[in-house]
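Visitor: I am new to reading protein models. Could you take me through this one by question and answer?

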Amino acid sequence: MALRFEVLGRFNRARAAQLTLPHFVCQTPLFMPVGTQGTIKGLTNDQLEEIGCQIILGNTYHLALRPTSELIDELGGLHKFMKWPRAMLTDSGGFQMVSLLHLADITEKGVTFQSPVDGKPMLLTPEESIQIQNRIGADIIMALDDVVKTTITGPRIEEAMYRTLRWIDRCISAHKRPNEQNLFGIVQGGLDPVLRDICVRGLVERNLPGYAIGGLAGGEDKDSFWRVVAQCTAALPEDKPRYVMGVGYPLDIVVCSALGADMYDCVYPTRTARFGTALVPEGVLKLKHQVMARDTRPIDPACGCMVCKNFSRAYIHCLVTKDAMGSQLLSYHNLYYMMKLSRDLHSSIVYGKFPEFVCTFLQKMFPEGEVPEWVCNAMEVAGIDISSCCSPVSSSYGLNLDEKAHAV
Ligand SMILES: [Zn+2]
């Protein structure tokens, strides 16, 4: 095991911890920006450090295709190759194959797919995924799992869960650098509590350095989503980090942290920036909107980031439609927002102010008290009283951030 996880503070199920990894000491809850090909689109490494980014996620699938894991290894590992001194996590590559490639097929051996380079059939086995990740050299590496959409029902969910458990043993045996890299297992089982329970127990028996909750953020309803997170966090060990994969929106991160999750990753903040959208405490701000053309205020007057200190909404509005600089500035602000959210979650838990933080967050996002019912249900299970920020009759069940877009 190459990590140390020390809980510094708790509020009911929520925890704030110090996660010591080979390359960096991180504070949780934490958000990991996704750097597909050894770069976070639109930001330099210096800027990432400046906004307080502690760990980035690299996509094994993309890195294995180009520049290839062999070349990264030859050039001293990905940290050195991309000159990133802080922590790094790589995914297994499996999810990308299944989601990006039409011809991916999962068998007991591994994931078979058609090479996007030369069209030849290729096979990614659990052993190979780990070998590639060993060569890339990230602080945390992920087991290859059998991913199915949560919206699928029937025996396929059960098959995928049991296969994920069989594959974890193959991943553990193949892992050649356990003293430098931490292998996380991934809990599968769809929306079925019985299957999730079997998977959690199976993985915990293997005493891994950390655990991820997988297969979510794939179109399931929000009430199912938080219930799976709540079930898994309650059953996973107290002294190991818990990572909810592919999550998410700021609201999701606040809810999952209240339920005891520690780590998150999502392309949303940078992807939505490329569509001209900024994350703000009220929800989102669409910079392409015509009303921005003469708005001299910063994106968020309360934000301390370089973009908000220097530029107006009008200037960014002018850029977003024509110049790459527009999405770069928005990516910077959005990731700053996510880093600040992570820091605020951490310090509010450490200083015993977590319920106050949650209420302030919800009041800004839902000023009329229209907190979605799934959030109210989750907070009840988390033991956080949010009655002061909810209207008596909550009528906005199922609304998500994008639907609730504030074009202030
Ligand atoms: Zn800002």
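**Helices, strands and domains**

Guide: The axes of helix H6 (residues 126-136) and helix H7 (residues 155-174) come within 8 Å and cross at roughly 40 degrees. Axes are lines fitted to C-alpha atoms, for helices over the stretch in contact, with angles from 0 to 180 degrees between N-to-C directions. Helices (H or I, at least four residues) and strands (E, at least two) are DSSP runs, numbered from the N terminus. This is a predicted model: local features need pLDDT of at least 70, side-chain atom pairs count only at pLDDT 80 or more, and totals for chains, interfaces and linings use all residues. Residues are numbered from 1 along each chain as its sequence is written.

Visitor: Which word describes how H6 and H7 lie to each other?

Guide: Angles under 35 degrees count as roughly parallel, over 145 as roughly antiparallel, 65 to 115 as roughly perpendicular and the rest as oblique. The axes of H6 and H7 cross at roughly 40 degrees. H6 and H7 are therefore oblique.

Visitor: Which residues of H7 make the contact with H6?

Guide: Two residues are in contact if their C-beta atoms, placed from the backbone, lie within 7 Å. H6 brings Pro-126, Glu-127, Ile-130 and Gln-131. From H7 come Trp-167, Arg-170, Cys-171 and Ala-174.

Visitor: What stands opposite Gln-18?

Guide: E2 and E3 run antiparallel and are joined by four bridges. The residue in E3 opposite Gln-18 is Gln-27.

Visitor: How many residues lie between E15 and E16 in their hairpin?

Guide: Strand E15 (residues 277-280) and strand E16 (residues 283-286) run antiparallel, with four bridges joining them. Leu-279 stands opposite Val-284 in E16. The number of residues between E15 and E16 in the hairpin is two.

Visitor: How far apart are the centres of domain 1 and domain 2?

Guide: The chain is divided into domain 1 (4-266) and domain 2 (273-389). These bounds come from an automatic or database domain assignment. Taken over C-alpha atoms, the separation of the two centres is 26 Å.

Visitor: Which element gives the most to the side of domain 1 that touches domain 2?

Guide: The contact takes 34 residues from domain 1 and 32 residues from domain 2. Elements giving two or more residues to the domain 1 side include helix H9 (222-235) and helix H10 (250-258). With seven residues, the element that gives the most is H10.

Key: Two strands pair if DSSP finds at least two bridges between them.
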